[in-house]
Amino acid sequence: MYRQLAAFAVVSFTGFQGAFAQGNSVGVCLASTGYNWTTNSMNQSPCQVANDLFAADPCNQSGVSYPTLNSTPDSQSYYDGPLASNSSACTCNTVIYSLTSACGLCQSGKFLYWSEWTDNCYPNNTLYQEWPASIPSGTTIPPWAYLPLVNGYWDNVAAQNNAYAFAAFDEKIRGKAICKT
């Protein structure tokens with residue numbers, strides 16, 4: 001399958017490939033996509049949540065942003081995974097992968113398989129169903145972002161089915177992220 005990157009996405013600014021870029025505004029979910037369920041309890045898009053997580057300690061990726069994809073219906077635009085030079089537990093985990101996948105879909109884009117996302121990740125810094133740092137004040141991680149992958153990819157159907165099932169979940173775990181040492 002042919003994938004087209006957003007026009008501005010051919011240059012890596014902060015160690016990410018694809019549509020991660022510096023100095024661009026955060027992508028906005030389109031109401032027409034039907035992905036309004038991807039917002040967190042603070043009504044923030046998955047793009048904004050991922051952006052906020054990257055900017056916080058210890059990730060300190062404040063230059064990484066989720067710019068608007070160059071998306072049209074049936075678009076092939078997507079966000080790429082980390083480069084080896086930027087590979088860390090902050091970039092190589094299923095929570096950020098799920099948020100990034102939702103960010104692409106809610107803009108009529110696509111998302112990568114987990115194996116493609118983690119091409120440049122090392123096994124010792126790859127995390128499943130956990131965020132490796134404290135959750136910054138001013139955001140929450142939606143509960144669906146912690147769901148396991150299905151057949152090697154983010155399952156948007158399972159995520160939607162669980163989006164409202166645990167309404168208090170993200171508030172309950174706020175600031176209680178699991179860290180591996």
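**Disulfides and a helix pair**

A: This is a predicted model. In it, a disulfide joins cysteine 47 to cysteine 103, with an S to S distance of 2.0 Å.

Q: What is a disulfide, again?
A: A covalent bond between the sulfur atoms of two cysteines.

Q: Where in the chain are cysteine 47 and cysteine 103?
A: Cysteine 47 is in helix H1 and cysteine 103 in helix H2, so the pair links distant parts of the chain, 56 residues apart.

Q: Is cysteine 47 buried or exposed?
A: Cysteine 47 counts as buried because its relative accessibility is 0%. Cysteine 103 is buried too, with a relative accessible area of 0%.

Q: How many disulfides does the count come to?
A: The count comes to four disulfides. Among them are cysteine 59 with cysteine 90 and cysteine 92 with cysteine 121. The link of cysteine 59 and cysteine 90 is left-handed, at -85°, and the link of cysteine 92 and cysteine 121 is left-handed, also with -85° about the S-S bond.

Q: Back to the helices. At what angle do H1 and H2 cross?
A: Roughly 140°, and their axes come within 8 Å. H1 passes H2 in a left-handed crossing.

Q: Which residues make the contact?
A: H1 gives Pro46, Cys47, Val49, Ala50, Leu53 and Phe54, and H2 gives Ile96, Leu99, Ala102 and Cys103.

Q: What classes do the contact residues belong to?
A: The contact of H1 with H2 has 10 nonpolar residues, no polar and no charged ones.

Note on methods:
Residues are numbered from 1 along each chain as its sequence is written. This is a predicted model: local features need pLDDT of at least 70, side-chain atom pairs count only at pLDDT 80 or more; totals for chains, interfaces and linings use all residues. Side-chain values use heavy atoms; hydrogens and water are left out. Axes are lines fitted to C-alpha atoms, for helices over the stretch in contact, and angles run from 0 to 180 degrees between N-to-C directions. Helices (H or I, at least four residues) and strands (E, at least two) are DSSP runs, numbered from the N terminus. A crossing is left-handed if the near helix is turned anticlockwise from the far one by less than a right angle, and right-handed if clockwise. Contact means heavy atoms within 4.5 Å. Ala, Val, Leu, Ile, Met, Phe, Trp, Tyr, Cys and Pro count as nonpolar, Asp, Glu, Lys and Arg as charged, and the others, Gly among them, as polar. A disulfide is a pair of cysteine sulfur atoms within 2.5 Å. Buried means under 20% relative accessible area, exposed over 50%, partly exposed in between (1.4 Å probe, protein chains only).
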